[in-house]
Structures are given as C-alpha cells and as structure tokens.
Amino acid sequence: MNTQAVAAQGVIMIDGVPLKEQLARAERKKKITAFMLVVPLLAFIIFTFVIPIGNMLTRSVDNPRMTNQMPSLIDDLLLWDGKELPGEDMYAKLFQDIQWNIENGTIGRIATHVNYRMPGARSMIVKSKRKLKKIKGPPYKEQMIEAEPRWGELHTWRILQQVSDPLTSSYFLNAIDKDYDIDGNVVAQPEEKQIYVTLFIRTLWISALVTLLTLILGYPIAYLISTTPPRISNLLIIMVLLPFWTSLLVRTTSWIVLLQTQGVLNDIMVWIGLIADDGRIQMIYNLNGTLVAMTQILLPFMVLPMYSVMKTIPLSQLRASQSLGATPFRTFFRIFWPQSIPGIGAGGLLVFVLSVGYYITPALVGGSSGQMISNQIAFHMRSSLNWGLAAALGTIMLVGVLVLYWLYDRIVGIDNMKLG
Amino acid sequence: MALPSYTGPLGRIWHYTFLVICGVVFFILMAPIMVIIPLSFNAEPYFTFSEGMLRLDPDAYSLRWYQDVLGIGEGTGSNRGHEWAFSARNSIIIAIFATLLATTIGTLAAVGLSRPQMPFRRPIMALLISPLIVPIIITAAGMFFFYSKVGLAYSHLGVVLAHAAIGTPFVVITVTATLVGFDETLIRASASLGAQPLRTFFKVILPLITPGIVSGALFAFITSFDEVVLIYFLADADQKTIPIQMWSGLRQQISPSILAVATLLITFSVTLLIAIELLRRRSERLRGMSPQ
C-alpha cells in the first residue's frame, strides 16, 4: 500500500477497522461514560428541584376551578360567542352543574371565584340556590331567569365565561398592581392595593444598596488580604470565613441583640451620654435593620471573589509604577483598580443575585419597611393562601434572577465560583 | 504589606488610615458574633450587658441558659431542654442523610463533569448549580406543592431530599475545583498497569479528591443544618430542627436560651471551619501546590 492510499483510507488496524473509526468509537464511549456519571445527579435535581418549581410556576396562569366544577357546561361556555344570551341547552347544563355543586357542597367555591370579578355574584349565586330548588324540569332558561333576573343578563354570562378560561393572566396583572374591571379591561388596582410594583422596586433598591455597601466595605479588606504576607492573610481569611460559616439565624440574632432599643449599641450610647435614656434610637425592625444585617451577612460573598482576583495581580507592577514616579494614588487607580474590576463584577453580581431572594433576614429584622418580595410570596403561600399570586410574583422574581445568573455565567463563568 | 522606606509622610498617614478602615470592617464582621458569646452567660434574662457583667462580677454570669437548653440542672421546670434535644436529634439525622446523598451523587457528577469528553458541559453545570442561585422561597414553594402531591411532604424523607437538592451544588463546586488540573496520565498509568476503571477510581482518583469531597460534604452538612425555609414549608412538628425552633423563638418572645444555642452553634461552625481549612491545605499539598 503506498502512502497515497493510506492518506485516502486512513490507517487500518490489525482487526481491519480503520484507526479513525476506532478512535471515534473510543471517544464516544468516553463521552457516554462521562454523561452516565452525571445522570444520577441530573435526574435527582430534575425530580426534586426543577419539576417542582416548573409545576409551581404553572399555577401563576392556571385557573382550574371552573373546569373542575362546571363539567357539563364548560366546553359550551368556552365556545360561546358572547353576542346574545345562550339557548335553553346551555341553561340546562348550567342548572345541572349548579345542582351537582350544591350536592357536593362546592357551590360556595364557585360563588367566591366568580365574585372576584363580579362583586355581588356571591350573594346572587347563593340566593338563587334556594330558588332553583323549586325548578323540577325544563324549560330551564325561563324558570332560571324568573328565579334570578341576572341570569338573563348578557353581562353575567360574559363574566362567567371570562372566569372559566383555564388560563388566566389575572395573577400576573395583580402582581404588577393591575386588574380586570367588570368589562374585562385592564385597569390599575385601587390606590391602597398598589403594593407590588413598589415592593419590586424596593427589593431591587435594597439589593443594589447592599451590593454597594459590601463593595465599599469589602474592597479595602480584600486589598489588604491580597497584599499581606501569607502568615497574616491566612488569619484574615479565616476572619472573613467565620461569619460565612456561622448560622444565618445566629448572625441575625446577633444583630437583634446589638441594635434593638434595649440592645447593646443603644446601651453604650446612653452610657457614654450620646443619647438620653428616653431617646433611644430605633435601629432595627425597619429598612435600616434589613440593610445592616444583610450587608454583614453577604460581605464574605463579596470579599472572597474579589480576593481571588486581586491575588493574581503582581505586586511588582505596583512597585514598578512607583519607581517610575507615579504617586501611590495614581499607581492604585492606573494599575491595581482596573485589574481588580473582574473581581468586583463577580462579587457584585453574586451579592446582588443572593440579596434579591432574601427572606429570613428581612422577615426577622425588617419590620414593615424592610420587607422584600420574598416575604410577600411567603405571606401569600402561608397566610392568605393566594397561591396563584404567590406563583406570579415568584415567576417574575425567578426570571429576573435567572437573567442575572446567565449574565454571571457569561461574564464570570460558573466554574470560577469559589467557596473559601 | 510592609511600608517601603521611601514612603512620604502623606503615604504614611494614608497607610495607617487604611489599616484603621480595615480594622473597622473586620470589627463589623466579627463583633456581632463575638458579642453573643458573653451575653449567653448572662445571669439575668436580658439581651444586654448588666452592670455586674461589666464589672466582671462572677455572680452576674451563669450557665442557666445552657442548663435550660440542655435540659439539665435545677428549677428550669420546663421541658424546653427536651424540645431542644429533640430538635438537635432531628437536625443531625436530616443533615447526615442529606449530606450522604448529596455527596455521593454530587461527587459522581463532578467526576463526570471534569472529563474533557463531557457533552453539554456548560448548560448541565448551570442547571446543577442553580439550586444555589434560585431564591429559597421559590424552591420552598415549588417543593411544597409537588411534595404534597406525591406524598413526600411532612416526612423526614421529603426534608432529606429537599436538603440534599440544595446541598449538591456545593459538592459539585468543591469537587470539580479539586479536579482542575487533575493529571489524566495517572488514569492511563493505572489502566496500563491492569486496573479496571472502578479500581482506578477507588485507588487513584478518590484519594486525590477526598479533601474536595469532604469539604463539599461539610458545606452540604452546614447548609442542611442551618436551613429554615424549606423546613418551614415542608415539615411539621415531627421534623422540627434547631433552626426552625430558633426561628419561631425569634419571631415570638425571645428568651436568652437562644443565645446559648447560638453560642453552641458558633462553636460548632468554628470546628467545621478549622476542619475545612486543614483539608484545604492538605489538598494543596497532595496536588503538589505550594501551601498557599
């Protein structure tokens, strides 16, 4: 075989299979092995984490009540064109469904559900419940309208149709302080119910402020740690890591102990005569409490990424700059600062992402002015049981966080996430 | 950062100002944790230093809150000690199982992800790390609905699975970090000497990445041990843990017993931190890096 043939066919191995193919096969096998190692965790995360969250998010648009409670009517109702009153046929189905719900004791749920959109619908349905009992047979349309005139109004049926849509955008509208009015137009919520947009803005504002504060406090110590000899810097890193390792609740407790009106800081100020005993300052259970506690808790997340970038900056460059006649300030701003910016980006994004979702600290030390969006989600999950709204608020927050996470991956790279 | 001899007076002033600023920041970092420790020995049921404590009067200090928490000593008259012991037992059991699960599958995945042939590495990595980034309240809400549906809510198993899920990113991160710069020729050397892949894993790869595994496991452990929100959503009284008991204590009437618990937890974290630090140094030594 001459060289030209070899070039054309590739090297043939002793078992007759071309080398190229064998190599490809071996590579493929390695690929599969690598992937199989990841499969258990991937499956685990998908089952315990991704599916539950995805499932929860569908609740933000899900509107299953009428589909479940109006089994006979629902298909016709969704197809109804809404131009004129439905015929006897649909009234019969409506009657049948209402009877079915009365028997199952679920009529109250429907009444409440329709009432969201049409105030007064609750009493209308509950009242007609009694009157409808008298109806024994067809024609249902006339008898129902006679029993409750509003069943003969086009408007009632339109509302019924609107609230029966298995997909709803009303939770998302609520989440941005809007709602449907009686005619189905999108309007702003009444003034006293407009809280969520403000809350989203406040959450972003608190996160930005915390990021800025951790940067201002963290930059000097990251600089110090990265420029001192290892003997000292190891000790300093441990001082940064200790809060990182201490229970979040313990740290929040500490801030309560320090900052409350009968707390250590107020006591000290009274003792040295800075404030009068009756003039103690309210430093916690408000926005200030949230800011202070979150800044201290998140500071390590800022310092560690900055430190890992700063320690790669050669100190000889700083000396070179100074020996060439630059002042220390000029040296810092022309040499050190520009090279430390990636660390600021990494730390800043991480702190911002983490603070957007903060829940425990605001709940414990935030009072009412220091609450964030997570607290409102928890409230709707646990107390008001408005799960659709909780899901809508959660979806908006999650999308924001994922965009930041994607940015983090693009700019910093997840591989570069360091943990101490 | 020794000051070079050519520094001018202005430079000197700035240098010391800078050190003072750093001192203040370290103080802010440490003070809140440090202040809790002496206060937990307060003889009075207050959250601040009594005059006796400032005078270092031994009578102003006592172990009563520790006795209260540990359920020993006279006259506590409550079963609070019993409650804390019950929570501690739960915390430890849940954290141990969550850690075992997270560490096992996390390590396998990290080994796979570190292979150069791994397909779709970046998106898969992003997905596996996401439990660390997604706000805990969203995770909790999602798990609450889903686990209720499949019958995992209000059980130890459900809490263990939930905690394992949020613990795995730490294992993946720390183990992949130890595998960076892993010498692939070692695997080939082992294979050429006749070892099966499994034997190679246990005899060659595992000993080298053990420090990473252990520190990832410690992260997973502390994550579970310190976790409140998932427990709050997924558990009932049977799965009560130390953090959830502190949480309800802090939201209602706070008793100084909480400070005693906090001090015990701080001791615990210091121990873990030292363990991690020693492991990190060992890992760097094993991989032939300088101790720094």
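**Entry 1: the interface**

I began with charged side chains and found A:Asp409 and B:Arg122 meeting in a salt bridge, 3.4 Å from N to O. I keep in mind that this is a predicted model. How many salt bridges does the rule find across the interface of chain A and chain B? I counted 1. Next I looked up polar contacts across this interface. The rule gives 8 residue pairs, with both residues at pLDDT 80 or more.

Then I asked which element of chain A gives the largest share of the side that touches chain B. I found helix H2 of chain A, residues 19-58, with 23 residues. I sorted the residues of that side of chain A by type: 63 are nonpolar, 19 polar and 10 charged.

I also looked up the extent of the interface. On chain A, 92 residues are in contact with 94 residues of chain B. The area buried between the two chains is about 8,600 Å². Carbon and sulfur atoms give 81% of that area.

**Entry 2: aromatic rings**

I turned to the rings. Over all chains, I noted 29 aromatic pairs. I picked A:Phe47 and B:Phe146. Their ring centres are 5.7 Å apart and their planes stand at 75°, so I logged the pair as edge-to-face; the cut-off for that is over 60 degrees. A:Phe47 lies in helix H2 of chain A and B:Phe146 in helix H6 of chain B, residues 136-149, so this pair joins two chains.

B:Phe146 is buried, at 9%.

I checked another pair, B:Phe201 and B:Phe202. This one is edge-to-face, with 5.3 Å centre to centre and 85° between the planes. I noted B:Phe201 as buried, because its relative accessible area is 16% and the cut-off is under 20%.

I then looked for a cluster. One aromatic cluster includes A:Tyr219, A:Tyr223, A:Phe329 and A:Trp337 from chain A, and B:Trp14 and B:Phe18 from chain B.

**Entry 3: positive phi**

Last, I looked at backbone angles. A:Leu385 has phi near 55°, a positive value in a residue other than glycine. I found A:Leu385 in the loop between helix H19 (373-382) and helix H20 (387-411) of chain A.

B:Phe120 also went into my notes, with a positive phi near 50°. Where is B:Phe120 found? I placed B:Phe120 in the loop between helix H4 (80-114) and helix H5 (121-133) of chain B. B:Phe120 is exposed, with a relative accessible area of 62%.

Note on methods
Residues numbered from 1 in each chain as written. Chains lettered and ligands numbered in written order. Predicted model: local features only at pLDDT ≥ 70, side-chain atom pairs only at ≥ 80, totals over all residues. Heavy atoms only, no water. Contact = heavy atoms within 4.5 Å. Buried area = accessible area lost by both parts, 1.4 Å probe. Salt bridge = Lys/Arg side-chain N within 4 Å of Asp/Glu carboxyl O. Polar contact = N/O pair within 3.5 Å; in protein donor to acceptor, adjacent residues only side chain to side chain. Helix = DSSP H or I, 4+ residues; strand = E, 2+ residues; numbered from the N terminus. Nonpolar A, V, L, I, M, F, W, Y, C, P; charged D, E, K, R; others polar. Phe/Tyr/Trp six-rings, centres within 6.5 Å; stacked < 30°, edge-to-face > 60°. Buried < 20%, exposed > 50% of the residue type's maximum accessible area, 1.4 Å probe, protein only.
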